[in-house]
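Here are my notes on the model you sent over.

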Amino acid sequence: FEAAARDLIATRRGGWRSGKHAAQWMATLATHAFPLIGGKPVAEIETRDVLAVLRPVWEHAPETASRLRQRIEAVLDHARVLGWRPETLANPARWKGHLASVLPSPRQIRPVRHHPALPWREMPRFMAALAERPGVSAAALRFVILTAARTGEVRRMTWQEVDFARRLWTVPAARMKAKRLHVVPLSAAALRVLEAMRPLARGPESLVFPSPQRGGEISDMSLTMLVRGMACDGVPEGEPPRFRDAEGRVPVPHGFRSAFKDWSRSQGWPDHLSEMALAHVDANATRAAYGRDALIEERRPMMEAWAQWCDSKAAAEIVPLRRKSR
């Protein structure tokens, strides 16, 4: 099994978007599968062998276990195609009609939890606090929020992607999750962020938000820690975070995309415009095929309105009652 797994990973390596995939596959299989079935001929692996691998991790780490099952299934399919496992043998790691009858669904074990997101009505208060934070990470986070972009798209952004005359930011397909070019109409507030970063520019190919320490891209963790600090620094032990989602969790940078989506719905903006702003792929293949127009000028007023709301400072500060009474 281990030899078949290594062969599959070597075969797929060139087609994966990131080199991390090969390492993740190998780490998962080496940790959980190889010790039990790594030396067993693939033609002899049965359902009980697969269950012996999965059951120890299925309930306490369902996401890992689900990926593990999928990878075992892929290795055994690979082995069958190459003739190492008889065509007549069904795959003992398949889910539907097989393991689904003896293992609980991962969703039943632990429901999917979305990224902690700040309620959209709290955005003006958050942005006012963010304006008081100096540094590249604060500027990058502000730009992330104003453009409703993913952090990776902003952290790797270069000056050649910005068209100041047309007020557009064009993200190359290679940097997008869906691998499709994405054009963002820039609000006046977003342009001000870029103007403030211009003194750090070192040419068209240089990063817009370079790390002050390393010169390369800033880390995703730097943005996460910035939000965490804004939410928790100086908050007495036992008090809720200064900024939090409906469950009391500290927001994460990715969650600001959800805040934008909730705001756009509350303000009556057409759903297809906010979906384009978020660069979501339309699940309806026919609709997606005809929806190639980026609707940039239709999206521009929406992004301007979002920026104006974020900078409105309309939300009053919320003081926890316990702290006020004390």
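**Notes on the fold, the sheet and the salt bridges**

1. Let's begin with the contacts: of those between residues at least 6 apart in sequence, 65% join residues at least 24 apart. Keep in mind that this is a predicted model. The protein has 15 helices and three strands, and 43% of its 326 residues count as buried. Its accessible surface comes to about 17700 Å², with 52% of that belonging to carbon and sulfur atoms.

2. The three strands form an open sheet in the order 1-2-3, with antiparallel pairing. Strand 1 (162–163) and strand 3 (182–185) are at the edges with a single partner strand each, so one side of each has no neighbour in the sheet. Between strand 1 and strand 2 (residues 168–171) the antiparallel pairing runs over two bridges, and Val162 sits opposite Trp169 of strand 2. Helix 14 (residues 296–310) packs on this sheet, where it touches strand 2 and strand 3, and its direction makes about 50° with that of strand 3.

3. Take Asp49 and Lys40, whose side chains meet at 3.0 Å, N to O.

4. Which parts of the chain does the Glu217–Arg156 pair link? The closest N and O atoms of this salt bridge are 3.5 Å apart. Glu217 lies in the loop between helix 9 (188–197) and helix 10 (220–232), and Arg156 in the loop between helix 8 (151–155) and strand 1, so the pair links distant parts of the chain, 61 residues apart. Glu217 is partly exposed at 30% relative accessibility, as is Arg156 at 34%. Through shared partners, salt bridges join Arg155, Arg156, Glu217 and Asp220 into one network.

5. Val81, Leu82 and Trp84 make a nonpolar patch of about 310 Å². Trp84 is in the loop between helix 4 (62–81) and helix 5 (106–109), and it is partly exposed, with 40% relative accessible area.

Methods: Residues numbered from 1 in each chain as written. Predicted model: local features only at pLDDT ≥ 70, side-chain atom pairs only at ≥ 80, totals over all residues. Heavy atoms only, no water. Patch = residues over 30% accessible without salt bridge, like charges linked within 9 Å, V, L, I, M, F, W, Y side chains within 5 Å. Areas by Shrake-Rupley, 256 points an atom, 1.4 Å probe, with all protein chains shown as cover. Salt bridge = Lys/Arg side-chain N within 4 Å of Asp/Glu carboxyl O. Helix = DSSP H or I, 4+ residues; strand = E, 2+ residues; numbered from the N terminus. Buried < 20%, exposed > 50% of the residue type's maximum accessible area, 1.4 Å probe, protein only. Contact = heavy atoms within 4.5 Å. Pairing = 2+ DSSP bridges. Axes fitted to C-alpha atoms, helices over the stretch in contact; angles between N-to-C directions.
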